[in-house]
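Hi everyone, thanks for making time today. I'd like to walk you through a structure that may be new to you, so please take a look at it first.

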Amino acid sequence: MDLSLLNVNQAISSEESKRAVETIQFIVIRLGDEQYGIDIRHIDNIVRMQHITRVPKMPIYLKGVINLRGEVIPVISMRLKMGLAEDEFTKNTRIIVVKLEQEGNVGFLVDEVKEVVTLAVNDIEKINYNANEEMVSLINAVGKHNEELISLVDLNAISLEGN
Amino acid sequence: MDVSQYLEIFLDETREHLQNLNTQILELEADPEGEDTIKEIFRAAHSLKGMAGTMGYKRMQNLTHDMENVFTEVRNGNIKVRPDMIDVLFKCLDALEEYTDNIQTTADEGTNDNEALIKQLNNILDEKGGTAPKAAVVPEVKKAAVPEEGNRWDAIVLDDSQINVIKEAQHMGKKVYGLNVTIQESCILKAARAFLVFKAVEERGEIIVSDPSAQDVEDEKFDREFTLIILSDVDINEIIRAAESVSEIEKAEGGLIDLGKNKHYKAGNDTVPAEIPATSEPEQKETVPVAAAEPAVKPAAQAAPVKADNKKQTSGKPVVNRTVRVDIEKLDSLMNLVSELIIAKNSLVSASSQEQVGAHNSFDEQIEYLESVTTNLHESVMKVRMVPIESVVNKFPRMIRDLSKKLDKKMELYMTGEDTELDRTVVDEIGDPLMHLLRNSADHGLESAEVRAERGKPAVGSIFLDAYQEGNNVVIEVRDDGNGIDVEAVKNKAIDRGAITPEQAANMTDKEVIGLLFLPSFSTAKQVTDVSGRGVGLDVVKSKIESLSGEVEVKSTLGEGSTWIIRLPLTLAIVQALMVVVGNEKYAIPLGMIQTLEDIPPTDVKLVQNKEVINLRGTVIPLIYLNEVLDVESKKAEDESLIVVIVKKGDQLAGLVIDELIGQQEIVIKSLGKYIKQCKFISGATILGDGEIALILDANALI
């Protein structure tokens, strides 16, 4: 056996110091006049609006399915899910494809994708109350960014409700 | 080295050997003198033992070892094959199968020692008088070869640090040996054998050099020999003995190392061991800058990675994937097709860049070419997924034999078409349904010996299992020459159970009555036996087959026997479908469900019990307006004639009213994903040529 293998045994002397504040990146999307953030780690893809094939007997917010490079992906209207008015398709309309743990890829229809922001963990405040409104349950935290507030979407809540 | 990487091969081969043993022992039972059979059994048992030993499954090894002993005596003619012996052997096979199942799920063989079985085996051996010869003969200890020129270990290229370690050790009074190990040519798992040798040697000393390197040995990148340089306190003979005790090792030779004899050892470097004082470590580090750790620690550290790997074997739960063994020819044809596909693509690219007159012609030509390539490619890929149903049906003769004993009925199973191929996913699933049907035939179908004699039937009941291909379907028939289905008994039972009323029963056709058998919790067995008759079975068979997009049919003549016919699609992934338009949406209806297409004038639509029906050549068929089911606006005017797709589910027919026909197309079935709660009449989706998605309608759910 080769003795040079022993070099591996050389101890790594110092542990890499962790950064003082953990940060999370969010993609900021627009729905009507409001801004929402989606954790970038969940996002698989952002695609332009394309033809959506309707699936009968589905809840109203489930717009149908699209073909994303050979894969059939359900598309959910974020607006209808949040209790806003029906989508109007413009050249800014995008489908955000999100990878959910249980259900695989799911697309979300949004009015516009604006930017990517980096939020420090201590700029994110969790919301615990669960008011009657449906949309609140989908928002689990609010992030502060340049004096603006961004509602952070809880994707797991959306996915759970799908079932 | 980690043996878990061989687990898959091991499981595959073990199952193959077990199946082989089952078949051969059955043969042996029929012909106790068959010499070839006995030899074959012996071979399979021997391989099994060897493999179990290699993988470290001791209990399995012990059991197979004792079985092998019995076979040895049978082969040598010292024991005669007797029915009770066959029973014991079958029990052993069951126990081995249990081990294998345990290994598959937990990577461990379990704790069942099967002592009773081993004892029975030994009793068989004892009966012939002599004691069983120990198969594992302690290998003859070889004399340590005197190091001479031409020893393998003298040909190893040593680097400076290794030379230093050797010198250091020699100086400290340790012995440094060279060991050359040769593995038998027939050995399959060379790396695993080598691993065992490494392990055995490491128990007695430290391996400092391996040629080829340990990594290469592990990856099986060596021929049949490998050479080790070992630091040890024990005698070389003991190490040789340890290495040779590993099975399938042809020979091990060893001797003391003399650095002076090493062919690659430069004389200039030949510093006498005394020149390196054991204490002068700093000095050494200067001469050996590569080696960071102290030489004395080296051997121990060296051994560490191997031991760590060893642990992985016990802690890491291996995930054994389902595999398909693919004929290399099938892969070759795939490869060819893919290269043709690339050529076709390139021709298309060049055709599109040539914007001359006549380019259009070549474009069409290329498209045609592309089409033929993709069609062939599709066929080839499908073939790769196809496996013969043999793997499933092979276990049935044994099962029937056991049933025959248990039920005390004489019966024989005749099988044909074992080489019929089906998609792997289907083959995996049909085992249980077929088993149910066979048990059903054996238990309910075949009459007891007295009744058979009374009816003038042969004493031995026959059960047939026939498989054959029919168009795009594979048909599997389970047939028996037993009693057939007693329609009246079924009716009475159904009335007892409250499934139907006596009035309903009076109006039911025989076919409908037989259909009752497939209802959950329905069993006509007068008594519950442990073979069948628990009321689970036929409904499970039916739902299983239907989940595979297949169907079950029963034909039966009272007193003469019954036939159960299973029809399964060749593959599940790609089907022929009829593309239709409803409203402005496209849908696909699998051709298999479609009976005919009809053009019906609106005036022919009649109302029966407030349902719209048509009378088609004497058959009354209910209409289903797809636009209503699918919630879309129909484009057709009221007075236009209806386009009706007649679909069939079993004996039921229904007419699906659509707006427009597009045509027949081959579609690839895709799942809608887990997020969409399966809409019950949508079985999936497919992607059309233009990238759009069309949903696939499940006509069965609509009726």
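Let me begin in chain A, where β9(A) and strand β10 (residues 139-145) of chain A pair in the antiparallel sense over 3 bridges. Strands here are DSSP runs of E of at least two residues, helices are runs of H or I of at least four, and both are numbered from the N terminus. Two strands pair if DSSP finds at least two bridges between them. Within this pairing, Glu125(A) has Val142(A) in β10(A) as its bridge partner.

Before going on, a word on the model: it is predicted, with local features needing pLDDT of at least 70 and side-chain atom pairs counting only at pLDDT 80 or more, while totals for chains, interfaces and linings use all residues. Residues are numbered from 1 along each chain as its sequence is written, and chains are lettered from A and ligands numbered from 1 in the order in which they are written.

Now, in what order do the strands of the chain A sheet run? The order is β8-β1-β2-β11-β10-β9, 6 strands in an open sheet with mixed pairing. At the edges sit β8 (112-120) and β9 (124-126) of chain A, each pairing on one side only. From one strand to the next, the twist averages 35 degrees. For angles like this, axes are lines fitted to C-alpha atoms, for helices over the stretch in contact, and angles run from 0 to 180 degrees between N-to-C directions.

Let's move to chain B. Here 6 strands form an open sheet, also of mixed pairing, in the order β14-β18-β19-β17-β16-β15. Its edge strands are β14 (594-600) and β15 of chain B, each with pairing on one side only. Ignoring direction, neighbouring strands of this sheet are turned by 40 degrees against each other on average. β15(B) pairs with β16(B) in the antiparallel sense over 3 bridges, and Lys606(B) stands opposite Val613(B) in β16(B).

Between those two strands there is a residue to look up. Asn610(B) lies in the loop between β15 (606-608) and β16 (611-616) of chain B. Its phi is near 65 degrees, a positive value in a residue other than glycine. Most residues other than glycine have a negative phi. Is Asn610(B) buried or exposed? Asn610(B) is exposed, with 5 other C-beta atoms within 10 Å. The cut-offs, with C-beta atoms placed from the backbone, are 20 or more others within 10 Å for buried, 12 or fewer for exposed, and in between for partly exposed.

Pro622(B) belongs to strand β17 (residues 619-625) of chain B. With 15 C-beta neighbours inside 10 Å, Pro622(B) is partly exposed. Pro622(B) and Ile703(B) are 81 residues apart in sequence, yet 9.1 Å apart in space, C-alpha to C-alpha.

Finally, the helices. Helix α3 (residues 58-75) of chain B and helix α4 (residues 83-106) of chain B pack at about 160 degrees, with axes 10 Å apart. They are therefore roughly antiparallel to each other, a term for angles over 145 degrees. Among the residues that meet are Leu63(B) and Met67(B) from α3(B), and Leu89(B) and Leu96(B) from α4(B); contact here is C-beta atoms, placed from the backbone, within 7 Å.

That's my tour, and I'm happy to take questions.

Definitions and conventions
Angles under 35 degrees count as roughly parallel, over 145 as roughly antiparallel, 65 to 115 as roughly perpendicular and the rest as oblique. Two residues are in contact if their C-beta atoms, placed from the backbone, lie within 7 Å.
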